[in-house]
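Visitor: Could you take me through this structure, starting from the terms that are needed to read it?

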Amino acid sequence: MKFASNKRIYLFTVTILLLLLLLLVLPLKNHFTNVEASSNDYQIRMLEVTENGVSELASLNTGISDLTIDTMSMKRFVALRDDLDGRYDAVYIGKGTYSTSGVSGKDHNTKAVMNDITNLKAKEITDYFINKGLYVIFHKQPFSTPTQNGILYKTFNTYQALTPKSNVLFFNDSELNTFISELKKSNSTYLSKMKQRPQLEITNKSQIIEYGSTVPKIYTPGDELTFKFNVSNVNLGTNPILVKLYLGLDKSTKMTEDQVVATTSLSTSTTGEIKYKLPKTYSGLLYWKLEAVDSLNQKSLSDFTIGTIQFKGKKTVVNVLQILPDGNNDSKLINNELVMDPSYLQNVSKDYELVIETKSMTQFNEYIKSKENSTPKYGLNGTYDMLLFGFRDVYNEKALIDELSSNAVLNFINDTKQSVMFTHDTIYIASNNKSSQWINKFQGIAGQTSPQSNLGLNAPSTSTSVTPVNDGLLTQYPFNLSEQDDKNKVANTHNQYFTLDLEDSTVIPWYNITGSNRDINDSWNHYYTYSKGSVTYSGTGHIIGTSYNRTQATSFPKWEQKLFVNTMYRAFTGANHAPEITVHTPMDKSIKPSYQNQLVVSYTVDDWDLKDKNLFTSIKFKQNDNVITGYTMNEKAILSGETVTQTFNNPLPAGGNLQIEITARDRQGAISTKTINVTVQKIESNLTIQRTQSNSTVEKGNPITFTYTVTPNAVPYLAVDPGEQGIEDLVISNVQFEEKFPPNLEFSDPLPEGMSKSGTLSEGYTLSKNLGNINYKLTESNNVKSYTPINNSANTFSLTAIPQEKKTYLLDNSKIYYDEIHAATSSFPGSNAPVSSLGIANDYSIFMLENIDFPNNGFTNNWRIAAGGNINIASFSLGGSLTNADTTATVVAGRNLTLNGGSMKGMAYYGGNITAPAYLINQTQHKDNYIDFAEVGKKLKNRSLYYAALPETSKSTDLYQTITLKGTDPKLNVFHLNPTNGSINSLSIDTPSTSTDCCQYFRGKCNHQQWHQHPYRCKQ
C-alpha cells in the first residue's frame, strides 16, 4: 500500500485597497509684475497696451504709490498667453492706427504693420474686464477714422457710439491728462473703482521653496505643501470667498477647473490654510496657482498668486524618433557632438533621459507601410513619445513623405495626442510638387496660416540670435533659459514662409528671431520656436545642407542644443500618455491549479499625466484569443493610482491556457492593454479552500475579518492508490493551514483555538493552525465506488486584522498542507506514519533506488525485486513463492537489465537495454518509467525520518557477516543492523507472516546471497 505525498494548496490572492482621500495643490511665474497684496494697502495693477510699446501713462508712476503699470506693445500683448483674469484692475489701450496691413515684400521691418488686436485677446478684455465691471480705457485715436476696419475698432467702438458702459472710457489727449490728474486725488471716484477685487496674500510664501532659489529644494511624492493666506478687501458677511489651488505642468497655458486640486471657503475669517500632498507624476517642474474668488458675486472678481517648484517623481524618459532627410545624416542628434552634446541628453539630478533613434525619410515611409495593419496602427503610439522631422535646409524637398506616413503622423497628433516637432523648411511650398504633403497635411496642425509672407524665401536677413516671448516649461527646464542675454545664440537661420496663427489660444510663441531691423515683438512673422498643443516648431536647420562643413565646431551653439533638449522635454510633458498598468496578481506565465475555484485579478492603474485623475478600466478573459462569455468586468471609472481587485469563478475548470486582458484608458482616449498569460493546470484536489473578507475596501484602523473555509471533497475510487483501493476507511491526515501576511496588518485577540502567530508587525506575521484529520468511508452509488467524507461539513475559522497604515496590502502567501488520502491503519510507535507508508515499495521484497549487482554469485529471491538503476544478476531464481497468476512484474530495472542464466516467474521490465538468454527474452519487455523511482525515492526518504526514531524491538545476531533477524511481534518488528566490517554476506529473517519488518541499516553495503523466510525491506 502507498502513503501518498505531502500536498500543499495555495490560496488565491487578495489585494486590500486602503482608500486614501487626498487633496491636491500648486506655483507660477509670469511676464507681468506680480505684486503680493497687503492686508492694509490695495496694490492697483494696470495693463497698458500701446501700438509701439511706449508708455502714455508714465506720469502716473509719480503721485500714486500703490499703482503698478505693465506696459507693452500690441504685438507683444497678442503673443502672450498669461492668464489675465484676476491679474489687473484696469486696462488701457493707447493711441495709434493699429494697422491691419500685411507685410510688404521681404521687408523684415514690420513695426508699422499687423498691429491690430486679435479676436482672442479682444474677447479676454471683454470677458475679464468689461463684463466684470472693471475699467477698460481707450484712447480715441484708434476709433477716429471711419474707414478703420480692424478687430479693435469693430469690437470696442460700439461702447463709444451705441452701448456705452460706465466702466468703458474713451479719452483724447486732453481728457486723458484730466483723467490722470483726477486719479492722483485721494478722493478720486476713478481710484475707488480700481479697488474692487479681493486681495490675496500668502503669509508663509518663504516656506514654499521656489525653483531656482539660492538654497534649492526638490519635492517628492507625498511631500505636503502648506499655504497660509490672508484675503482683504472683502465683505465676508455677504460674499464668502472661495480659495482654490491649481496644479499644472506649464504656466504658459491657462489653468482650468480640471486642474483645481484643493479648495476652501472663507465665511467668518479672512485668514485660512490649504494643505496638499504632492501626487505621483513625472519629474520636472510643477506650477501652482492660489486664487481667491468672490464666487457668489455675479462679477466673480478674483486675485491670484503663482509659483514654481522642482519635483522628483517618475523619471522622464522620452523616446524620440528623428526622421532625417534622405542622403544626409549630418543633423543626427546622436553620436554627433557638433549637433548635440551627449551629456545634455540625460541628467541624474534632474531625472530625465532622451532616447533618440533615427530613420531616413525613406526608412520611415517603409516602416509605416509595414505597420499599417499592426496594433496599434502604424507602430508609432507606444513605441515613440515624439517624432522629430529635421534638420536641413529645404527639408521638405529632401524628405518626401508619403500620404500614408502623413496620415500616420496626423493620427499620432490628433488621436493619441503625442508629440511632433517640425523644423526649418518643413512647412513651405517647394518647387517639387511631391513635397505638397507638408503643406496640405501639416500647415494647419502646425499653427501656421495665411497670408503666405515668404519672408524666408532665399534666406534674406539671416540671424544668429533670438529673444524670449512667453516664459514657461520650455524656457525653464531642464535648462533655465528664461533670461535674455548675449548667450541666446543659435545657428544661422532665417524667417519662415507663413504667418503664425495667434488667434489660436493653443499657439504659444516661445522665441522670436532678432537682428536686422526686425520688430522683436512680432510673433506673427518672426517666430523661431513655438508650440501648438503637442506640436512644436523650430526654425533650426538652415545651416545643414550640401555646403555644410561638419568640421565647423560652432555649427549648433550650446545654448541652442539646450533649447533642443528643453523643447523635446516640454513636448513630452505637454503630450498625452497612456495609463500604466501594474498587475499584482496573477503573475504572467503563472500556473494555477484547476481545483482553485476562484481567480482573483488585482492591479493598479497609474496615469503619470497630472491632468488625468479620472480613468476607465475593464477586464476580459480569453482562450485562444476568443473572449470567454460571462467572464468580463465591464468598463468602470476609477481614479489614477487606484487598485482594482475582482474575483471571478475559474473560467477553465477543466484546465487550459487562459489570457487575462486588462485595459485602461484616459479621457483623451490613450489606451494601455496588458495581457497576463495563465496556465490552468488540471489537478484534482481532495480539499477545497476559500477565503472571503468582510469588506471590499477598508481604512486605516478599521477591522476587517477574513473567513477561511476548508471543504473535503469526495474522492473517486480510482484516484486512490491501487494498493489501498477497497480498504473501508481512509484518511487525509495532518491538515495544516499557514499564511504569511504583509507588514502592518495587526491581528486582534483572541485568535482561533489552536492558531499560532509568529513574526513581527514590521515584517509581517505568519499564522498557522493544525486542522486535524478528515476521515473517509468507502461508499457505492449506482455501481460507482468512491470515498466520501464521514463528516461532510466544512472546517471554518476567522481572523480579524487591523490595518496600521494607508497602503495596498497584497495577500498572496497562503497555503494548506496535508498528507494525501491513505489507509487509516495502525501507526509506527512514536510516529503518525501508518505501517502502509512504503507505498509501491511494499510490493517488492527488494526495492533499491540505485543498482542490484550480483554478476558472479547465485541469487535467489522468492518474491519481486526492483532497482532504479541497473540490475545485473546471474544463476538466479526469482518469484518462486509467486502463484502462476502473479505475472505482472517480478523484476523492474529503471535502466539496463542483465540476466545471466537462471529461472523466473512473471515478467521483467527495463527502461534501458536488455541482455538475456533466448529462453528468457519472451519474459522481458522494454517499458520507460514503469516505476517513477525519483518520485518514489523522494517519498521513501521522507518516511525514513520517522523510521530513524523507531526503537529496536528485537536483536539481530551477527556471525561472520551472516545476519539472522528473528522477531515475534505479529505487527511490527524493528531491527538495527550494524554488521561486522560493514558488510552483509547472508541475511535471514524469521518473523510472523502478518508483520511489517523494519531493518535500519546504518553503514556498509548489502551483498545478499540468499533471501528467504519472509519478504522484507533493506533500507540503505
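Guide: Contact here means heavy atoms within 4.5 Å. Please keep in mind throughout that this is a predicted model.

Visitor: Which strand holds Leu 799, and is Leu 799 buried or exposed?
Guide: Leu 799 is found in strand S45, which spans residues 795–803. Residues under 20% relative accessible area count as buried. Leu 799 has a relative accessibility of 2%, and therefore it counts as buried.

Visitor: Leu 799 and Thr 707 are 92 residues apart in sequence, but how far apart are they in space, C-alpha to C-alpha?
Guide: Not counting residues up to four places away in sequence, Leu 799 touches several residues, among them Ile 704, Thr 705, Phe 706 and Tyr 708. For Leu 799 and Thr 707, the separation in space, C-alpha to C-alpha, is 6.5 Å.

Visitor: In which order do the strands of the open sheet with S8, S10 and S13 run, and how many bridges join S10 to S13?
Guide: The 3 strands form an open sheet with antiparallel pairing, in the order S8-S10-S13. Strand S8 (199–202) and strand S13 (271–277) are the edge strands, each pairing on one side only. Strand S10, residues 224–232, runs antiparallel to S13, and the number of bridges joining them is 7.

Visitor: Which backbone atom does the side chain of Asn 470 reach at 2.8 Å?
Guide: Asn 470 lies in the loop between strand S22 (463–468) and helix H11 (473–476), and with 2% relative accessibility it counts as buried. A polar atom of its side chain lies 2.9 Å from the backbone oxygen of Ala 79. At 2.8 Å, the side chain of Asn 470 reaches the backbone nitrogen of Arg 81.

Visitor: What kind of aromatic pair do Tyr 282 and Phe 572 form?
Guide: A search of the whole structure finds 43 aromatic pairs. In the pair of Tyr 282 and Phe 572, the ring centres are 5.1 Å apart and the planes stand at 75°, so the pair is edge-to-face.

Visitor: How are the rings of Phe 391 and Phe 556 arranged?
Guide: Phe 391 is buried, with a relative accessible area of 1%, and Phe 556 is buried as well, at 2%. Phe 391 lies in the loop between strand S19 and helix H8 and Phe 556 in the loop between strand S27 and H12, so the pair ties together parts that are 165 residues apart in sequence. Their ring centres are 6.0 Å apart and their planes at 50°, so the pair is tilted.

Technical notes. Residues numbered from 1 in each chain as written. Predicted model: local features only at pLDDT ≥ 70, side-chain atom pairs only at ≥ 80, totals over all residues. Heavy atoms only, no water. Helix = DSSP H or I, 4+ residues; strand = E, 2+ residues; numbered from the N terminus. Buried < 20%, exposed > 50% of the residue type's maximum accessible area, 1.4 Å probe, protein only. Pairing = 2+ DSSP bridges. Polar contact = N/O pair within 3.5 Å; in protein donor to acceptor, adjacent residues only side chain to side chain. Phe/Tyr/Trp six-rings, centres within 6.5 Å; stacked < 30°, edge-to-face > 60°.
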